[in-house]
Amino acid sequence: MRQFYGVLVLLILGGSPLFGQDSLDLAACINYAWQHNPQIKQAGIQQRQAELNRKQASWAFYPTLNASFRHGLNLGRSIDFTSYQYVNQSTQSSQLSLNTNFPIYQGLRLRNQLKQSRLDVQASAQDLEQAKQTNALSVAQAYLQVLLAEENLQVLQAQKALTEEQLVQTLKQIKAGNLPDNSRLELEAQQARDEQAIVNAENTIELAYVNLKVLINMPVDENIRLKVMQMELPAARELESLEELYLEAAANMPNMAANRLREESADMAIKIAEGGLMPTLGGYVSLTSNYSSAAKDRTTEQTTQTLYLDVNGTQIPVEFPTVQTIEGGTTPYFEQVGNNLYTNLGINLSVPIFNGLQTRIAIDRAKLNLELAKLNSSQAQNQLKADIQRALTDVKAARKSLEAAQKSLAATSASAANTRKRFELGIVNGFELSSVQNMLTSAASSVVQAKYDLLFKLKVLDFYRGIGLNTPQEN
């Protein structure tokens with residue numbers, strides 16, 4: 001459902017502050033809510049977490065490289081690792097190593113974990129989109145409530161102006177002697193009631209603004225006004241069937257796509273768990289060197305040694321070459337490190353035989369999670385179908401309510417016009433005139449209420465269709 005707010009995005013000024021503007025449109029309110037709503041921020045954080053998990057799964061294919069250093073004091077009899085001879089003295093020793101390990105075959109678990117992480121990223125992106133759309137629908141409702149309250153105020157102001165005009169005409173009639181003096185009393189009372197109704201309507205507007213600000217997470221003391229929008233309803237057309245609208249919504253709604261992705265992710269989790277039954281093969285390489293304070297510098301000196309052989313009683317000198325080792329001071333640290341380097345490399349093969357049924361249990365648990373994912377998806381589908389059925393019913397009822405309110409307004413308008421003429425002729429009193437005018441105001445307010453109620457019900461259907469909220473559409 002990515003096209004749902006395509007029109008809105010084009011209308012939003014990227015990064016421009018809302019504060020200080022004279023008026024806001026629906027797109028700006030939704031944009032502000034998307035930037036500040038906590039639920040949307042949480043969905044965004046969850047998406048970033050899923051992306052980090054994907055990166056981690058991707059880097060799992062690469063070798064690891066670690067360096068280590070160990071230095072200690074040896075007391076008593078110990079092995080000098082530079083000469084691998086026992087020494088019986090206090091020595092200091094160090095070992096430096098650089099190790100790398102790399103996977104060769106892990107039962108396809110790494111590959112499946114990467115596939116699962118990609119599915120989770122896509123699902124979290126759909127969750128974020130769903131959070132935005134749900135929030136936008138709520139903002140649209142609050143936005144329409146403000147417009148409803150403001151239009152209702154205009155109806156009451158028009159009623160007050162009409163009452164004042166009638167009072168002026170009545171005073172003229174009284175002055176001319178055509179009406180009794182008490183004819184003005186009911187109109188003056190009606191004028192006071194009109195003023196009270198206007199005050200209440202203004203309070204309703206302020207409360208509607210507060211509700212909108214709270215919903216978009218804007219400070220309630222921020223002074224804003226909404227732009228005047230043309231909210232005329234286009235001509236009605238035939239509603240789609242429940243099945244048609246459901247198929248369209250099931251294909252477009254982000255939460256439905258997220259459920260499908262999570263089913264795939266749960267199925268991939270089974271394959272990951274089954275990889276625990278397979279042998280694993282990995283390789284390693286290490287580079288190590290040692291130091292010991294017991295290691296001494298040793299030099300050799302070639303000399304000759306004279307031995308006497310007894311040959312028939314005669315001592316004959318014989319010289320033999322010999323090599324004499326001369327021990328000096330402790331070999332320097334880095335010289336030992338350089339001289340004692342050695343490399344070790346090989347492979348590790350691990351064959352699972354019995355691990356307390358941990359792998360089998362993990363597989364069964366993954367299968368249960370897949371069943372839960374399918375049940376959640378089925379429940380969401382049933383809920384979506386019920387919501388669409390409710391939305392279709394609400395639109396039909398709202399349309400009939402508007403038609404009835406319009407008929408009532410037309411009839412009440414005709415009755416009010418007739419009563420005003422009869423009042424001017426002195427046939428009816430001011431109380432009857434005020435009563436019919438109150439009925440006219442109530443009828444006009446009912447039309448306004450019914451119009452905005454139908455507009456919002458239509459927006460709910462647009463929500464399922466994927467149509468932008470700021471473009472009124474009739475069904």
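Contact here means heavy atoms within 4.5 Å, and every view below is taken from a predicted model.

**View A. Surroundings of L212 in the largest nonpolar core.** Leaving aside residues up to four places away in sequence, L212 touches C29, V139, A142, Y143, V146 and L226. The largest nonpolar core holds 64 residues, and those with the most contacts inside it are V139, L212, L226, L384, I388 and Y464. Two or more residues of this core are given by each of α2 (26–36), α3 (38–59), α4 (109–175), α5 (183–215), α6 (242–252), α9 and α10 (430–465), and the largest share, 15 residues, comes from α4.

**View B. A second, separate nonpolar core.** This core consists of eight residues, among them L187, V428, L433 and V436.

**View C. Helix α9 and the residue G426.** Helix α9, formed by residues 358–424, has 67 residues and reaches 94 Å from its first C-alpha to its last, which is close to the 99 Å expected at 1.5 Å a residue. Just after α9, G426 takes a positive phi of about 85 degrees.

View D. The residues F102, I104, Y105, L108, L277, M278, V285, L345 and I347 make a nonpolar surface patch of about 790 Å². At least two residues of the patch are supplied by each of β4 (91–105) and β8 (342–350), and β4 gives the most, with three residues.

**View E. L277 within the patch.** L277, one of the residues that make the nonpolar patch, is found in the loop between α7 (254–274) and β5 (280–292). L277 counts as partly exposed because its relative accessibility is 36%, and the partly exposed class lies between under 20% for buried and over 50% for exposed.

Note on methods:
Residues numbered from 1 in each chain as written. Predicted model: local features only at pLDDT ≥ 70, side-chain atom pairs only at ≥ 80, totals over all residues. Heavy atoms only, no water. Patch = residues over 30% accessible without salt bridge, like charges linked within 9 Å, V, L, I, M, F, W, Y side chains within 5 Å. Areas by Shrake-Rupley, 256 points an atom, 1.4 Å probe, with all protein chains shown as cover. Salt bridge = Lys/Arg side-chain N within 4 Å of Asp/Glu carboxyl O. Helix = DSSP H or I, 4+ residues; strand = E, 2+ residues; numbered from the N terminus. Buried < 20%, exposed > 50% of the residue type's maximum accessible area, 1.4 Å probe, protein only. Expected span 1.5 Å × (residues − 1). Core = buried A, V, L, I, M, F, W, Y, C linked by side-chain atoms within 4.5 Å.
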